[in-house]
Amino acid sequence: MLTGKEVEKIAELARLELGEKEKEKFAEDLSSVIGYVQKLSEANVEKVEPMAGGTDLENIVRKDDVENCDPETRKKILAAAPSREGDYFKVPSILE
Amino acid sequence: MNFKNLTIKEAHKLLENREITSAELTEEFFGEIKKRDKEINAFLSLAENEAMAAAKKVDARIAKGEPIELLAGIPSAIKDNILIRGAKATAASKMLENYIAPYDATVIEKLREEEAVLLGKTNMDEFAMGSSTENSAFGPTKNPVDLQRVPGGSSGGSAAAVKAGFCVYALGSDTGGSIRQPAGFCGVVGFKPTYGAISRHGLIAMAASLDQIGPITKNVDDAAAVFEAIRGNDKFDSTSVKKDWPDYWNEPIDIEEIKIGVPREYFTHGLDSEVEKSVREAILKLEKEGAKIVDIDLPYSEWALAAYYIIMPAEVSANLARLDGIRYGYSKIKNSEFGLQNLFDVYLKSRGEGFGAEARRRIMLGTYILSAGYYDAYYTRAQKVRRLIKQDFDRAFREVDAIISPVSPTVAFKFGEKTHDPLSMYLSDIYTVSVNMAGLPAISIPAKEAYNLPVGLQLIGDSFEDIKLLKIAKMAETIIKEKI
């Protein structure tokens, strides 16, 4: 069973604010799922290579050239930002 | 005319023969949606002006006597995690409640090339996380077959829209069963193609190594038609594959040459006896018609769901990290009430309020699994099990042409039945997740009803044998329909 403190730590790492009551509920929920997936420790995976992707494709690479996105799309992407100055995303100052 | 059961091929014929115009057809569907969708809630948004304009364009071409593509002028519905330029794409999350897509997903571009008519965006579980649409931030969708019951999920809105007759076909996405399970619960056809067959560019990513877009339709032919239109390699998705696909429409498959495997592990504890009866009956009919039926073993099935609930949340936590309240989506950055002076607080508040409970649950699970000290015990081990699951299937497909099973262990359940216990909800994916772990194509077609509710029959094919799988599914569909 995860403790409230552990849930707090995970939420902080995940950048999620949780209410006090939610912490309890999430501790319960996460513990039950983690308990379930722990059954994997019984599987014999000796000498098995991990499978990372959905297919066994080799890496596909392209030339590292700059391709401009069309101006209309660019405008729309920037317009979606909640706070900006010119073409920059604006965030609270991160230096004291 | 009643258009509820109208298929793509039938609609195409009506248009070509000028028995109806695309504009009339489109209006007809909007009429149905307005009349009945208050109750069902399949749609999150409609695009009437754009749809009517697209329809009229096709009508003008038909009037000139030009030949039209198979999907031209035919109304469809799109899951709300697929981007349509200029339209809202909320993924059923408060996080993206006001997000307008700045570009078209590749599948949408391809549908536009065919001059398809896009009616609107369909409801889903938030960010495609769920098996019932109860996780939508905008209220659940109801199953058109029985309004007390869930339509399945996460593509529940798309499946409900097809079943209710709000469109001819729909697009969904499938990460662990999200096309097949709602199709099964609603009694329609849902096809999840091989991973890499269809570009995921413009699909709001949930778990990138498992996600795949696919069609939800009224029959197998229509699933093949939509698949043909939207598949193909794309420079914006490096996992999409270049391939010459065989022709679906040439001669049908010879049933006597088909060998179908029945996995022992899929017919054990947890499977509802009436659902099992329905699936067994379908298998028997196929055998009677000449298909060879053999028992097979997929020994690592036992671990599939556990491995899935490690890999999927791990990818979720990484993919949803982009929603930070800075670039787009729900944000507390300008909220003076809190006077957020600190970047960290902007993240905490924006994400804490923007994401629903299930999204937060999975983000935290993934964060935990990937954190230092746990990574190897969980994530690496799950990836190894993933390889073993794939090897199980590889071994099976050396012997059989397709694998047959139920889609879900039960019929559609009632609202609220599983929401209190996330694990019980997760268990409803038990027969579908292995397919995504192995990247295989699989399709859900209606079998005989149980408890007067639809039962989905799942057929699984080998990697990139999508066309062969569709042909086998077509054969099964014909046989099941004939003998009911």
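How many helices and strands does the secondary structure of chain B come to? The count for chain B is 15 helices and 11 strands, where helices (H or I, at least four residues) and strands (E, at least two) are DSSP runs numbered from the N terminus.

This is a predicted model, so local features need pLDDT of at least 70, side-chain atom pairs count only at pLDDT 80 or more, and totals for chains, interfaces and linings use all residues. Residues are numbered from 1 along each chain as its sequence is written, while chains are lettered from A and ligands numbered from 1 in the order in which they are written.

Now the overall build of chain B. A compact globule with 484 residues would have a radius of gyration near 23 Å, and the 22 Å of chain B agrees with that; the radius is taken over C-alpha atoms, and the rule is 2.2 Å times the number of residues to the power 0.38. As for burial, 61% of the 484 residues count as buried, meaning that 20 or more other C-beta atoms, placed from the backbone, lie within 10 Å of the residue's own.

Next, the core. The largest nonpolar core has 169 residues, and B:Ala161 and B:Cys167 are among those touching the most other members. Such a core is a set of buried Ala, Val, Leu, Ile, Met, Phe, Trp, Tyr and Cys residues joined through C-beta atoms within 7 Å. Leaving out residues up to four places away in sequence, B:Cys167 touches B:Phe29, B:Pro75, B:Ser76, B:Ala77, B:Leu119, B:Ala161 and B:Val162, with contact set at C-beta atoms, placed from the backbone, within 7 Å.

B:Phe29 also turns up among the buried residues of α2(B), along with B:Leu25 and B:Ile33. The buried residues of this helix pack against elements of chain B including α1 (8-16), β1 (43-46) and α3 (48-63). Helix α2 (residues 22-40) has a kink of about 40 degrees centred on B:Lys34, the bend being the angle between axes fitted to the seven residues ending there and the seven starting there. Just after α2(B), B:Asn41 takes a positive phi of about 60 degrees.

Finally, the partner chain. Here is what each side brings to the contact:

| Chain | Residues in the contact |
|---|---|
| chain B | 54 residues |
| chain A | 40 residues |

On the side of chain B that touches chain A, α12(B) gives the most, with 11 residues.

Definitions and conventions
Contact = placed C-beta atoms within 7 Å. Buried ≥ 20, exposed ≤ 12 C-beta atoms within 10 Å, placed from the backbone.
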